[in-house]
Amino acid sequence: MGWFWADTSATAAPASTPAATGCPVPHAARSRPAAAQDGQAPPAGCPMHKATIDAFTVSKHKRPTTDDAAPSACPVPHGQPQPAPKEKSLLSQLNPLNYMFPDLSNAPAPNQSIKLPTSREESSIPRADANENWEYPSPQQMYHALLRKGYQDTDITAVEEMVAVHNFLNEGAWAEVVGWEKRFSSGLMKGWEACRRGEENAPEQLMKMREAYETEPTLIRFQGRPKEMTPKAAFLQLMARVYPSKFGMEPPFDRHDWYVARNVNGQTKEVRYVIDYYTGPPEPTGEPVFYLDVRPAMTPTGAAERFIRWGSDVWWRASGGSAREAEKQVKTT
């Protein structure tokens with residue numbers, strides 16, 4: 001196949017040679033027998049030039065169809081259409097770190113009637129891949145993302161408020177993640193020390209053992225999964241059907257998976273957190289209310305961390321831990 005990539009400017013092509021844009025197979029050369037090309041007779045005993053009875057016998061096997069090319073035919077499938085290139089899926093176009101479009105423009109969208117701000121706000125969430133914090137998209141970029149995801153009926157006048165709520169919820173989610181990391185980044189035993197007196201005394205316990213909390217966590221990447229309900233959210237919805245007065249709540253309107261870098265003895269460990277976003281009854285002033293359920297994913301370590309933190313808090317309150325401590329203080333004084 002070296003001739004196929006040969007430099008065509010070295011010599012002029014003969015008139016019978018196919019054009020560069022035509023079939024790459026030299027049909028004229030193939031149509032001449034070898035004996036005619038070099039002017040010599042075939043050697044004796046050559047099986048390719050012996051006429052045998054088999055050459056004139058009709059084969060009883062399957063006849064070749066028009067689709068089966070003969071051995072002497074051109075091997076290039078001229079009539080066969082080439083497959084069209086596959087379109088890229090929506091997921092393949094997203095940035096794997098945040099599952100957003102990497103080329104979101106700050107220019108106005110076609111037929112956009114209202115100008116949106118193009119400035120971006122820096123978050124308090126440190127990146128794991130750089131010495132800087134994550135940045136939130138501008139309202140204009142958020143509007144582009146909504147349009148590209150198919151939300152063509154987005155109210156453009158509400159985009160700025162959507163961005164503000166989006167940023168507020170993410171800051172709250174990160175604060176919850178940091179709370180988990182402060183308790184368990186140094187191991188389950190340190191986590192037990194921080195949680196054994198319940199959530200009400202956890203800040204005091206963390207102040208006593210703050211030397212164990214070595215480094216701040218960083219966010220590696222995150223992924224929105226609004227159409228995939230977590231097992232816990234699905235169970236709460238089932239309980240809402242059985243006990244609506246106790247568990248009557250709307251399903252979460254969004255779900256995120258955040259991947260956090262935890263420092264464990266000098267080694268970086270990736271920890272996945274699951275976040276369910278709920279809405280609650282609005283305030284008397286009309287302000288919206290949101291609830292975040294942030295917890296480690298249900299891995300063996302994550303399940304142990306959940307049990308220690310939530311179980312310790314339930315036991316502390318159910319067993320009267322605060323009353324016991326108050327009684328001890330009275331006795332000592």
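Reader: In this model, which helix holds Phe-235?
Author: The model is predicted. Phe-235 falls within residues 231-242. That stretch is helix 7.

Reader: Is Phe-235 buried or exposed, or does it sit in between?
Author: Its relative accessible area is 48%. Buried means under 20%, and exposed means over 50%. The value for Phe-235 lies between these cut-offs, so the residue is partly exposed.

Reader: Which residues form a nonpolar patch on the surface with Phe-235?
Author: The patch has about 420 Å² of accessible area, taken together.

Reader: Where in the chain is Pro-288?
Author: Strand 5 covers 267-280. Strand 6 covers 289-296. Pro-288 is in the loop between strand 5 and strand 6.

Reader: Is Pro-288 buried or exposed?
Author: Exposed means over 50% relative accessible area. Pro-288 has 56%, so this residue is exposed.

Reader: How far apart in space are Pro-288 and Val-165?
Author: In sequence, 123 residues separate Pro-288 and Val-165. In space, the distance runs from C-alpha to C-alpha. It is 9.7 Å.

Reader: What share of contacts in the chain join residues at least 24 apart?
Author: The count takes contacts between residues at least 6 apart in sequence. Among these, the share joining residues at least 24 apart is 59%.

Reader: How many of the chain's residues, in percent, count as buried?
Author: The chain has 333 residues. It holds ten helices and six strands. The buried share of its residues is 30%.

Methods: Residues numbered from 1 in each chain as written. Predicted model: local features only at pLDDT ≥ 70, side-chain atom pairs only at ≥ 80, totals over all residues. Heavy atoms only, no water. Patch = residues over 30% accessible without salt bridge, like charges linked within 9 Å, V, L, I, M, F, W, Y side chains within 5 Å. Areas by Shrake-Rupley, 256 points an atom, 1.4 Å probe, with all protein chains shown as cover. Salt bridge = Lys/Arg side-chain N within 4 Å of Asp/Glu carboxyl O. Helix = DSSP H or I, 4+ residues; strand = E, 2+ residues; numbered from the N terminus. Buried < 20%, exposed > 50% of the residue type's maximum accessible area, 1.4 Å probe, protein only. Contact = heavy atoms within 4.5 Å.
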